[in-house]
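Open the model in your viewer and keep the selection tool ready. The stops below are given in the order to visit them.

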Amino acid sequence: MTAPLLQVRNLQVCFQPSGSTTRPAIDGISFNLARNRVTAIVGESGSGKSLTALAIQQLLPTSASLKGSMRFWPAREEHATELVGLPETDMQQIRGRRISMIFQEPMTSLNPLMTCGEQVSEMLRHHLRMSTKKALSAALDLFEQVRLPAPATLARKYPHQLSGGQKQRVMIAISIACQPDLLIADEPTTALDVVVQKAILKLLRDLQQASGMGLLFITHDLALVEDLADDVMVLYQGQILEQGPAAEVLRNPTHPYTQALLACRPVRHLPGTRLPVVSDYLGTDPVHAIMPKAAQANGAPINSSQQPKDVLVEVKDLVVSHESRHTRHRARTLNGVSLEIFKGEMLGLVGPSGCGKTTLGRALLRLLPIEAGSIRLGGRDLTGIPSRELRALRQDVQIVFQDPYGSLNPRLTIGSMLTEPLKVHRRLSEESQRRDQAGKLLQRVGLGIEHLDRYPHEFSGGQRQRIGIARALALEPAFIVFDESVSALDVSVQAQVLNLLAELRKELGFTALFISHDLAVVRHMCERVLVMHQGEIAESGLVSDVFQRPVHPCTRQLLDALPESLGNFGYPRK
């Protein structure tokens with residue numbers, strides 16, 4: 001048999017803060033990465049997926065200790081190299097050249113002070129000792145290889161001048177510049193819309209097949225695994241619970257934890273029904289679970305099936321412009337948008353990146369200047385409100401952002417964040433009353449009063465998103481914008497948050513605009529949907545009608561880009 005590209009045996013990663021012994025973050029895992037195959041690692045946040053990738057690259061923090069064996073054996077080498085304990089000077093010859101990595105967020109991994117062309121050519125000059133002229137020429141070839149438009153022009157641009165998909169392609173160009181034997185892709189499509197996501201995944205697969213390299217693909221999106229991977233490992237709390245060929249593991253999972261992850265996906269359930277969560281299947285010990293518990297997954301729909309009648313939000317001919325980076329002219333982001341949101345409904349908003357979804361959501365809350373048009377909330381004209389009176393408006397409209405960590409003040413405790421709006425808007429006179437109300441808000445979103453004195457960094461991603469929801473609910477607003485608020489969450493945490501939103505909407509009766517690039521989530525949560533394209537509403541209607549019988553080419557493109565494993569929502573794909 002052919003030797004594996006990377007053979008990992010009994011890998012263990014431990015952190016020992018303040019001299020205390022803790023449970024290993026990676027607990028004795030063993031696996032092989034094969035040549036010319038795509039291996040996926042899936043699991044919840046905190047399972048050890050990214051930590052495994054960092055261990056392979058020897059990029060662990062100094063507080064971590066590494067044990068076990070990782071034997072790396074490229075095809076053109078006579079002997080394998082043991083990576084554990086390898087001196088840093090030797091590892092530097094492997095890292096970037098023989099083993100390369102694509103990080104989840106390209107904007108933070110690209111140098112904002114260097115042009116994109118310089119960043120690719122730097123890799124070539126450092127590892128392959130190319131001249132500056134030859135490296136720049138090779139960089140342009142790489143930009144063509146990753147299908148970036150106008151490579152010569154783009155090479156002179158800085159990362160902030162590129163779209164999210166273009167930045168990710170630049171990162172891919174850097175990672176494949178030296179033709180590595182192993183490419184690690186850590187959540188490379190999490191923040192991308194389905195159209196760009198499909199293009200990036202196809203590009204990675206094409207590059208992998210053309211070069212014969214091994215690809216380690218880290219993701220929490222099981223639909224992508226089914227479409228892309230040859231092999232899969234299911235990770236939980238630093239342990240591999242199940243591994244094997246992707247088609248076999250995902251279609252006939254043997255471990256209850258894998259079954260639970262697959263069951264949490266919205267696409268498997270009727271719209272509006274409660275989504276199962278991992279604890280429904282496994283109780284408290286997924287590692288040693290034997291049989292799944294009965295999960296009450298498909299009860300009566302939480303969402304109302306009746307179409308709301310009263311209009312709460314009315315937008316007419318809304319125009320928002322922004323200053324172009326390259327010209328003195330202003331470019332329109334929203335071009336005459338008109339819509340209605342009925343009282344008590346959650347209206348879905350989908351569309352490709354850059355179409356104006358987030359701009360529309362923020363304009364509705366008067367967080368952006370409006371050039372023309374009108375916005376009415378409950379009959380009140382919001383566009384005519386003077387800036388000095390906007391503070392009072394914040395009691396009625398709120399927003400939950402995509403990145404809860406970036407939107408929570410790291411210097412404030414959770415209790416301070418939740419009591420601050422109550423104090424500013426003079427809802428309660430005594431601090432003890434405001435703190436008591438903050439505790440009730442946390443309990444409402446599934447957290448406890450013991451969390452009031454903790455800071456954002458002490459919570460998981462799903463818990464931080466719950467805190468963001470609690471903050472938005474503090475003033476009992478009539479209208480909330482959810483801006484990609486579940487897109488970065490793993491499937492089990494996403495199910496918990498979606499169930500929470502549905503229950504809170506039923507309990508509190510708020511109206512919402514739900515912005516998302518995940519069509520399966522929109523189908524599950526919303527009765528109606530708007531499709532945006534180039535700053536305009538391209539299509540609108542009931543979710544079932546729009547997704548099954550799309551009229552606009554943009555809608556058909558979004559549906560065609562869905563992973564095959566998500567089905568077609570009744571739409572006959574090409």
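How many residues of strand β13 (residues 346-350) are buried? The answer is 5 of its 5, so the strand is mostly covered. Buried means under 20% relative accessible area, exposed over 50%, and partly exposed in between, with a 1.4 Å probe and protein chains only.

Before going on, note that this is a predicted model, in which local features need pLDDT of at least 70, side-chain atom pairs count only at pLDDT 80 or more, and totals for chains, interfaces and linings use all residues. Residues are numbered from 1 along each chain as its sequence is written, and side-chain values use heavy atoms, with hydrogens and water left out.

**Stop 1**

Strands here are DSSP runs of E with at least two residues, helices are runs of H or I with at least four, and both are numbered from the N terminus.

Two strands pair if DSSP finds at least two bridges between them. Find G348 and look across to F514 in β18, which stands opposite.

L347 has R528 of β19 as its bridge partner.

**Stop 2**

Follow β19 (residues 528-533) into strand β20 (residues 536-542). These two run antiparallel, with 6 bridges between them. Strands of a sheet pair through backbone hydrogen bonds, either parallel or antiparallel. Select H533 and its bridge partner in β20, E536.

**Stop 3: an open sheet**

Select β12, β11, β14 and β15, in that order. They make an open sheet of 4 strands with antiparallel pairing. β12 (330-342) and β15 (380-381) stand at the edges with a single partner strand each, so one side of each is left without a neighbour in the sheet. Zoom in on strand β11 (residues 311-323) and strand β14 (residues 372-377): 5 bridges join them. V313 stands opposite L377 in β14.

**Stop 4: helix α4**

Go to α4 (residues 116-128). How far apart are its end C-alpha atoms? They are 18 Å apart, which agrees with the 18 Å that its 13 residues should span at 1.5 Å a residue. The expected span is 1.5 Å times one less than the number of residues.

Select C116, G117, Q119, V120, S121, M123, L124 and H127: these are buried. The buried residues of α4 pack against α2 (88-94), α5 (132-145), α6 (151-155) and α7 (164-176); contact means heavy atoms within 4.5 Å. R129 follows the helix, with a positive phi near 55 degrees.

**Stop 5: the second largest pocket**

On a 1 Å grid over the protein atoms alone, a pocket is an open set with protein on both sides within 12 Å along at least five of seven lines, while a cavity is a set of points where a 1.4 Å probe fits but cannot get out; lining residues have an atom within 4 Å of a point. Grid points are joined across faces, edges and corners, and a volume is the space filled by probe spheres set on the points.

Of the 19 lining residues, M101, F103, M123, M171 and I174 lie nearest the centre of this pocket. β6 (99-102), α4 and α7 each give two or more residues to the lining. The largest share, 5 residues, comes from α4.

**Stop 6: the largest cavity**

The structure holds 3 cavities of 30 Å³ or more. The largest has a volume of about 410 Å³. Select Q197, H220, D221, Q494 and D518, the closest to its centre of the 30 residues that line it. Then show α8 (194-211), α9 (222-228), α19 (491-508) and α20 (519-525), the elements that give two or more residues to this lining.

**Stop 7**

Finish at N10, in strand β1 (residues 6-15). Its phi is positive, near 50 degrees. N10 is exposed, with a relative accessible area of 52%. Then pick N36, in the loop between β2 (26-33) and β3 (38-42). Phi of N36 is also positive, near 55 degrees. At 42% relative accessibility, N36 counts as partly exposed.
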